[in-house]
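Me: Could you take a close look at one part of this model and then connect it to what else can be said about the structure?

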Amino acid sequence: MAVVNPLGIDLDQYRYGFHDPVDGYAFRSERGLSRKVVEQISHLKSEPDWMRAYRLHSLGVFEKKPMPTWGGNVGEIDLDNIYYYMKPTEGQGRTWDDVPENIKRTFDRLGIPEAEKKYLAGVGAQYESEVVYHSLREEWTKQGVVFLDMDSGLREHPDIVKEYFGTVVPPEDNKFAALNSAVWSGGSFVYVPAGVHVTIPLQAYFRINAQNMGQFERTLIVAEPGAYVHYVEGCTAPTYTSDSLHSAVVEIIVKEGARVRYTTIQNWSKNVYNLVTKRAVAYRDATMEWVDGNLGSKLTMKYPSVYMLEPGAKAEILSVAFAGAGQHQDPGGKVIHAAPHTQSSVVSKSISKSGGRAGYRGLVKVYPGARGSKCAVRCDALILDDQSRSDTYPTMEIDEDDVQVTHEATVSKVSDEQLFYLMSRGINQDEAMNMIVRGFIEPISRELPMEYSVELNRLIGLEMEGSVG
Amino acid sequence: MSAELLIKNLWAQVEDKVILKGANLAVRSGEIHALMGPNGSGKTTLAHVLMGNPFYQVIKGEVLYNNEDLLAMAPDDRARKGLFIAFQYPVSIPGVTMASFLRTAVSARRGYEKDHLMSLAEFQKLARAKVEELQVDPAVLGRYVNEGFSGGEKKRAEILQMALLEPEIAIMDETDSGLDVDAVKIVAAGVNRMYEASGKKMGVLVITHYPRILKYIKPTRVHVMFDGRIVTSGDADLAEELDQIGYDGIRAQYERVAAEVVGEGEVRSAGKVFWVQH
């Protein structure tokens with residue numbers, strides 16, 4: 001039977017809003033954050049001393065930093081009422097058969113095995129705080145490509161992790177980066193040796209399952225000179241009544257001539273605070289691309305950044321956000337030109353409906369001496385009704401004269417002419433509206449791997465249902 | 001199956017200006033009608049009212065489509081039942097490819113259930129055939145709907161849509177305007193082919209300012225519209241006659257009659273109210 005909430009949204013339509021019983025956890029930390037909890041996490045993971053010290057230092061930073069007062073309203077998060085660590089099962093499943101039945105059920109519904117069958121190179125799926133299923137095609141392993149969950153990465157490649165961990169996003173960066181640094185668990189570790197091109201995207205599915213369970217995954221990607229990798233992260237979460245927190249940190253190092261693309265579609269349930277710090281550094285002639293889709297969550301604050309540190313570095317940020325009732329999407333991007341002849345492009349598309357709020361918050365920074373650099377920012381907002389809102393906060397700090405910087409912004413509504421035109425061809429109003437919205441985000445969806453593009457369109461279709469008429 | 005479009009004493013306005021003032025017209029299967037008239041006489045208004053453009057309000061009158069109240073239907077219902085209009089100024093839909101748009105539209109017209117489309121293979125076969133028939137560049141299918149199309153490309157794309165949707169009654173709103181003679185010939189040949197392919201069952205209403213296109217699409221009836229009404233009708237020779245006397249002649253003849261017409265009655269919506277309230 002369909003459950004209809006007061007806003008008229010059929011909750012059954014939220015296909016990923018199922019959940020498994022949480023009794024099967026191997027370990028669950030006590031609620032709230034303390035030195036003891038942090039030490040316990042580190043102990044349970046048998047981490048080296050430097051990581052335990054790093055966590056404790058980060059905890060100190062977190063405690064000192066005030067809550068941010070800009071962007072969205074984060075004041076309602078009850079940080080003392082969150083489990084900072086949960087471990088659903090012992091060990092990790094290497095093959096599908098090893099994965100416990102209830103977790104498998106969840107994965108089945110998320111379509112993970114199907115995805116695997118579709119020739120995906122690797123699947124790293126984060127169920128709660130541990131990665132329980134992980135596989136990687138043999139050929140990549142032979143080429144020296146590492147694709148592990150972060151905990152295994154730390155165990156198996158301690159030197160690489162120690163060299164780069166926290167160098168791109170230090171705990172001092174912001175309060176939530178500090179929180180993640182103190183309690184991180186899971187996430188991915190990707191290492192691509194010089195000159196190796198990983199031609200099939202590496203994919204990971206993340207998922208929060210327990211109520212009041214914070215998820216603090218930590219991802220580190222290192223692309224050695226001339227390497228190429230596309231990492232795809234998709235998030236879904238079940239619907240719960242009390243608020244959950246997701247606070248990830250992603251660090252990416254793109255060395256000379258390398259190229260990394262990082263694609264995310266997040267569809268957190270509508271009560272999740274999604275506060276994520278994503279940052280990449282790009283060296284000489286390197287290219288970093290962020291493709292970022294935000295559909296779910298109560299509040300998302302996420303500004304993928306690229307620091308272009310050497311000449312010829314390139315950055316591309318594509319972002320799409322959809323905010324429905326009760327949602328605030330505050331995505332954006334930052335491009336920092338810190339060397340001559342660096343290039344960046346930012347394209348942001350936001351859609352708001354039923355009182356939702358979506359927009360763009362961005363920074364373009366050009367340091368003195370970054371001669372001949374180019375930057376183009378384009379943000380388009382589509383507002384579907386009078387109750388909804390779009391905000392654009394572009395900040396530009398240009399300290400070099402010899403640069404080309406352009407900024408274009410549009411705010412539009414779906415035009416009656418367009419609707420009429422499509423309907424005059426027999427297409428019903430809902431589908432016509434859908435089609436216009438899909439067209440609006442097409443510049444971004446066409447950049448996604450096929451199955452994600454389909455998924456994005458389908459999710460938006462679900463969100464759009466009943467938005468008209 | 002035989003179709004019939006009956007327009008009875010149709011009055012309509014746009015914003016506060018009354019444009020249609022008692023139009024009467026019947027278009028049936030197999031008939032090719034030409035509707036001529038000077039600019040501003042209400043030809044395009046009639047076309048848009050028939051398709052249900054919410055920008056126009058029906059004041060009074062009746063339109064029956066196969067004995068059903070056409071004015072009570074939403075535009076998509078009208079289209080699915082077999083009414084088609086080739087627009088004079090088609091709008092663009094950025095980011096939506098012609099192929100995806102047409103596949104959805106053809107599926108709707110052919111009665112596919114919601115969320116089910118005709119198979120991609122079947123659609124591609126159909127689209128390729130029509131593209132070839134109408135001498136349209138196949139690349140058009142991969143382009144965004146009308147985005148960056150030249151005037152001629154837009155008109156040809158409208159005819160392509162018409163060919164794919166196989167309407168019972170097709171209205172062509174000044175499809176010939178802005179086209180050179182060669183383009184007019186191609187468009188006309190396309191319409192004629194469709195007419196033949198329908199077993200001469202399709203009903204056509206060619207709205208035009210110039211008699212030129214009527215050399216290539218032979219009408220069974222010609223009507224002249226002036227000040228919101230059809231003031232005279234005749235056979236194909238009327239188009240020739242009109243070419244001789246020009247619209248000024250028509251104007252002189254009918255001005256007095258038009259002046260006596262007074263708008264009245266309550267406003268009736270062009271279709272049911274189906275629009276998002278902005």
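Reply: Helices (H or I, at least four residues) and strands (E, at least two) are DSSP runs, numbered from the N terminus. The model is predicted, so local features need pLDDT of at least 70 and side-chain atom pairs count only at pLDDT 80 or more, while totals for chains, interfaces and linings use all residues. Residues are numbered from 1 along each chain as its sequence is written, with chains lettered from A and ligands numbered from 1 in the order in which they are written.

Turning to chain B, 26 of its residues are in contact with 26 residues of chain A. Elements giving two or more residues to this side of chain B include helix H2 (75-80) and helix H5 (151-165), and H3(B) gives the most, with five.

H5 of chain B, together with strand E10 (203-208), is also among what covers the buried residues of H6(B), namely B:Val184, B:Val187, B:Ala188, B:Gly190, B:Val191 and B:Met194. The face of H6(B) turned away from that buried side carries the exposed residues B:Val181, B:Asp182 and B:Glu196, and just after the helix B:Gly199 takes a positive phi of about 70°.

How values were computed: Contact = placed C-beta atoms within 7 Å. Buried ≥ 20, exposed ≤ 12 C-beta atoms within 10 Å, placed from the backbone.
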